[in-house]
Amino acid sequence: MLNIALPKGRLGDDVHRLFSLAGFARGDLSDMGRKLVLENEEAGVRYFLVKPGDVAIYVEHGAADLGIVGKDILEEDRADVYELLDLNLGKCRMCVAGPKDFKDDGSKVLRVATKFVNIAERYYASLGREVDIIKLGGSIELAPLLGLSDVIVDIVESGKTLRENNLVVLSEIMPISARLIANKVAYQFQSGAIDNLRERLIGVMK
Ligand code: PRP
């Protein structure tokens, strides 16, 4: 049995559909009610539904052999796992955003609000820009509106949240999408089954 950690929510539904097309799942995740484990004995897979931010933790510790996780979380947490495939789902961009008239003249420490502290730190370190990072749990777009920060580092998908709060993208840090990841030991011992699943996913994606 391959144990696969799926992120709860819309991305999880899309991924489950992809696994279904590849012959690794039946039914619909939304039919699961409050159940967190779904088994497909025939296909040799068992799915766990976990919080998106926890997927890589399950995989790194070997509680799941495989997982689906956003590149944002992989980059932020730097989990010690193999990244096997870009699923081209859950596409968005990690961006710096702020008020449209904001100009960084470099004269003072830049205040940056974000959930993605490590990504923001690495990005500004690469530019040699001194920053003060303010970690928030959500609704990041509020920070510049209330004067808590100058800019934000956050995910932009449709751009609607920025537009509705009079903010614009100032620069793009990296494109984001969902990735198939594997536990390093599991990959050693089950490489046949994992490679087969990966190949079938690639076939469906084509
Ligand atoms: C995410 C992100 C942005 C928004 C971007 O927030 O942090 O706020 O989605 O999407 P858009 O470009 O399509 O508007 P999420 O909904 O996860 O809530 P959060 O504020 O709690 O992070």
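Leu 18, Phe 19 and Leu 21 of helix 1 make contact (heavy atoms within 4.5 Å) with Leu 197, Leu 201, Val 204 and Met 205 of helix 8. Helices here are DSSP runs of H or I with at least four residues, and strands are runs of E with at least two, each numbered from the N terminus. The structure is a predicted model, in which local features need pLDDT of at least 70 and side-chain atom pairs count only at pLDDT 80 or more, while totals for chains, interfaces and linings use all residues. Residues are numbered from 1 along each chain as its sequence is written, and side-chain values use heavy atoms, with hydrogens and water left out.

The axes of helix 1 (residues 10-21) and helix 8 (residues 191-205) come within 9 Å and cross at roughly 100°. Axes are lines fitted to C-alpha atoms, for helices over the stretch in contact, and angles run from 0 to 180 degrees between N-to-C directions. Helix 1 is therefore roughly perpendicular to helix 8, a label given to angles of 65 to 115 degrees (under 35 is roughly parallel, over 145 roughly antiparallel, the rest oblique). Sorted by class, their contact has seven nonpolar, no polar and no charged residues. Nonpolar covers Ala, Val, Leu, Ile, Met, Phe, Trp, Tyr, Cys and Pro; charged covers Asp, Glu, Lys and Arg; the others, Gly among them, are polar.

Six strands form an open sheet in the order 2-3-1-4-11-5, with mixed pairing; two strands pair if DSSP finds at least two bridges between them. Strand 2 (37-40) and strand 5 (82-86) stand at the edges with a single partner strand each, so one side of each has no neighbour in the sheet. On average, neighbouring strands are turned by 25° against each other, direction ignored. Strand 1 (residues 2-7) pairs with strand 4 (residues 66-70) in the parallel sense over two bridges, and Ala 5 stands opposite Gly 67 in strand 4. Helix 1 packs on this sheet, touching strands 1, 2, 3 (45-50), 4 and 11 (178-182), and its direction makes about 140° with that of strand 1. Helix 8 lies across strands 1, 3, 4, 5 and 11, running at about 25° to strand 5.

Three aromatic pairs are found in the whole structure. In one of them, the ring centres of Phe 19 and Tyr 47 are 5.8 Å apart and the planes stand at 90°, so the pair is edge-to-face. Rings of Phe, Tyr and Trp (its six-membered ring) pair if their centres lie within 6.5 Å, with planes under 30 degrees apart counted as stacked, over 60 as edge-to-face and the rest as tilted. Because Phe 19 lies in helix 1 and Tyr 47 in strand 3, the pair ties together parts that are 28 residues apart in sequence.

Elsewhere, strand 9 (residues 151-156) is mostly covered, with five of its six residues buried. Strand 9 pairs with strand 6 (residues 92-99) in the antiparallel sense over five bridges, where Arg 93 stands opposite Val 156. Strand 7 (residues 110-114) runs parallel to strand 9, joined by three bridges.

Terms used. Buried means under 20% relative accessible area, exposed over 50%, partly exposed in between (1.4 Å probe, protein chains only).
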